[in-house]
Amino acid sequence: MTGKSTLLKITSVLLIVFGAMAVLMNGIALAGMNVLNQWALAMGGASLPLGVYIFSLLASALELAAGIMGLAWKLRGVLMGIGMAVVIVAFISLIVNTVVDGFQVMNLLSLILPVLYVAGAVKSE
């Protein structure tokens with residue numbers, strides 16, 4: 001690859017910023033999951049299983065890794081692969097959120113950045 005598209009650079013930086021914040025917040029949530037689950041039960045909600053917290057943390061780490069690779073990696077196929085992995089994880093999250101909370105347009109926003117990342121990888125030479 002001789003040059004990266006501007007779209008790939010911008011989305012990579014945004015993935016790094018949002019991914020780092022998400023890793024931090026999900027790490028805190030995982031550490032305090034007992035408190036969060038007790039609070040949810042007290043508010044009349046349901047507690048979340050450990051797998052939800054771990055999936056969320058791994059998804060955030062994947063987003064952060066995709067952003068870093070978007071700035072540092074040279075092979076378009078690798079960038080498209082990790083981008084598609086982030087799109088798939090975002091789509092799974094969208095499905096779960098739709099099942100739990102019903103469809104909300106705001107949930108679709110989680111797909112925009114990963115799709116733009118893949119588009120930037122495709123546009124790179």
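I began with what lies over the buried residues of H5: the cover includes helix H1 (6–31), helix H3 (50–72) and helix H4 (76–101). This is a predicted model, so I keep that in mind throughout.

I then listed which H5 residues are buried, and got Asn107, Leu111, Leu113, Pro114, Tyr117, Val118, Gly120 and Ala121. H5 itself runs over residues 105–123, and its 19 residues reach 28 Å from first C-alpha to last, close to the expected 27 Å. I also looked for a kink: H5 bends by about 25° at leucine 111, with proline 114 following within four residues.

Next came H3. Its 23 residues reach 33 Å between the end C-alphas, close to the 33 Å expected. Buried here I found Tyr53, Ala59, Ser60, Ala66, Gly67, Met69 and Gly70. The buried residues of H3 pack against H1, H2, H4 and H5.

Which residues make up the largest nonpolar core? I get ten: Leu8, Leu15, Ala66, Met69, Leu79, Ile82, Val86, Leu113, Tyr117 and Ala121. H1, H3, H4 and H5 each put at least two residues into this core. Nonpolar side chains do tend to be buried together in soluble globular proteins.

Leaving out residues up to four places away in sequence, isoleucine 82 touches Leu62, Ala65, Ala66, Met69 and Tyr117.

Last, confidence. Mean pLDDT for the protein is 89, and 98% of its residues reach 70 or more. Helix H2 (residues 33–42) has the lowest confidence, with a mean of 87, while H1 has the highest, at 94.

Key: Residues numbered from 1 in each chain as written. Predicted model: local features only at pLDDT ≥ 70, side-chain atom pairs only at ≥ 80, totals over all residues. Heavy atoms only, no water. Expected span 1.5 Å × (residues − 1). Bend = angle between axes of the 7 residues up to and from the residue. Buried < 20%, exposed > 50% of the residue type's maximum accessible area, 1.4 Å probe, protein only. Contact = heavy atoms within 4.5 Å. pLDDT = per-residue confidence, 0-100. Core = buried A, V, L, I, M, F, W, Y, C linked by side-chain atoms within 4.5 Å.
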